[in-house]
Amino acid sequence: SLLRPSMEDFATLLNRLFDTYRKTDDSEYSNREVGREIGITGSYIAQLRRGQIVNPGRDTLLGLCRFFNVEPAYFFPDIAEVPLLPYDAQRNAGLLADTIAALVNMLFTTYRKSDDSEYTSKEVAEALGWSQVYLDRIREGHIANLGRDTILGLCQFFNVEPAYFYPEIQVVPLTAYEDQLDDLLRRAGYAEEDQSLLKVLF
């Protein structure tokens with residue numbers, strides 16, 4: 001099977017987000033608060049954080065990425081060291097497809113074998129240790145909320161970033177926040193050396 005074991009389990013990754021991204025009063029978001037924002041229950045979040053659910057679906061990952069403002073790649077550290085195709089090209093391809101089935105089928109038509117023939121569902125399924133029926137059901141649009149392990153397998157096989165499967169994610173770069181902070185401090189009348197000191201506190 002092409003899949004490599006996960007370097008970090010999902011619970012560890014999720015708990016790190018809760019520890020890192022906090023409310024303005026520096027308290028941790030509750031499971032219920034996060035769940036409410038992304039449309040799932042607090043108890044489901046708790047199960048994810050305890051490692052009782054290890055393969056959440058795409059919709060859950062999408063909600064978590066949006067809530068914590070992280071790229072989808074955060075939840076896929078297993079492929080962080082794989083040389084990937086250009087991110088912008090993947091993002092553009094993803095935006096052209098309006099369903100998960102279309103995204104997956106675009107991988108088959110775009111990323112081909114060395115003889116320029118298309119991979120078959122059977123070849124990909126065998127390489128990933130899946131049944132061909134499972135992959136065909138994805139390609140036909142019968143399974144839309146792909147689990148993390150499924151997305152990981154497709155990313156590894158076709159050598160694409162996880163962001164390919166999340167074209168609706170637009171992460172705000174931290175530099176944008178830094179620029180806003182610089183502007184606010186400047187308008188408040190702080191000297192440049194004081195601004196640097198205050199930025200450390202933020």
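Mentor: Read along the sequence, the protein chain runs α-α-α-α-α-α-α-α-α-α-α. That comes to 11 helices and zero strands. Helices (H or I, at least four residues) and strands (E, at least two) are DSSP runs, numbered from the N terminus. The model is predicted: local features need pLDDT of at least 70, side-chain atom pairs count only at pLDDT 80 or more, and totals for chains, interfaces and linings use all residues. Residues are numbered from 1 along each chain as its sequence is written, and side-chain values use heavy atoms, with hydrogens and water left out.

Start with the chain as a whole. It has 202 residues, and 39% of them are buried. Buried means under 20% relative accessible area, exposed over 50%, and partly exposed in between (1.4 Å probe, protein chains only). Take contacts between residues at least 6 apart in sequence: 65% of them join residues at least 24 apart. Contact here means heavy atoms within 4.5 Å.

Now the core. The largest nonpolar core has 44 residues. Such a core is a set of buried Ala, Val, Leu, Ile, Met, Phe, Trp, Tyr and Cys residues joined through side-chain atoms within 4.5 Å. Leu64, Phe75, Leu154, Phe158 and Phe165 have the most contacts inside it. Among the helices that each supply at least two residues of this core are H1 (10-20), H3 (42-50) and H4 (58-68). Leave aside the neighbours of leucine 64 within four places in sequence. Leucine 64 then touches Phe10, Leu14, Val34, Ile38, Ile45, Asn69 and Phe75.

Next, the packing of H1 on H3. The two helices cross at an angle of about 115°, with axes 7 Å apart. Axes are lines fitted to C-alpha atoms, for helices over the stretch in contact; angles run from 0 to 180 degrees between N-to-C directions. H1 brings Phe10, Ala11, Leu14, Asn15 and Phe18 to the contact. H3 brings Ile45, Leu48, Arg49 and Arg50. By class, these residues divide into six nonpolar, one polar and two charged. Ala, Val, Leu, Ile, Met, Phe, Trp, Tyr, Cys and Pro count as nonpolar, Asp, Glu, Lys and Arg as charged, and the others, Gly among them, as polar.

Arginine 49 is buried, at 17% relative accessible area. Glutamate 28 is partly exposed, at 30%. A salt bridge is a side-chain nitrogen of Lys or Arg within 4 Å of a carboxyl oxygen of Asp or Glu. Arg22, Asp26, Glu28 and Arg49 are linked in a network of such bridges. The count for the model is nine salt bridges.

Another of them pairs lysine 113 with glutamate 123 (2.8 Å, N to O). Lysine 113 sits in the loop between H6 and H7, and glutamate 123 in helix H7, 10 residues apart. Both are partly exposed, lysine 113 at 24% and glutamate 123 at 31%.

Last, the cysteines. Cysteine 65 is buried, with a relative accessible area of 2%. Cysteine 155 is also buried, at 2%. A search of the whole structure finds zero disulfides, a disulfide being a pair of cysteine sulfur atoms within 2.5 Å.
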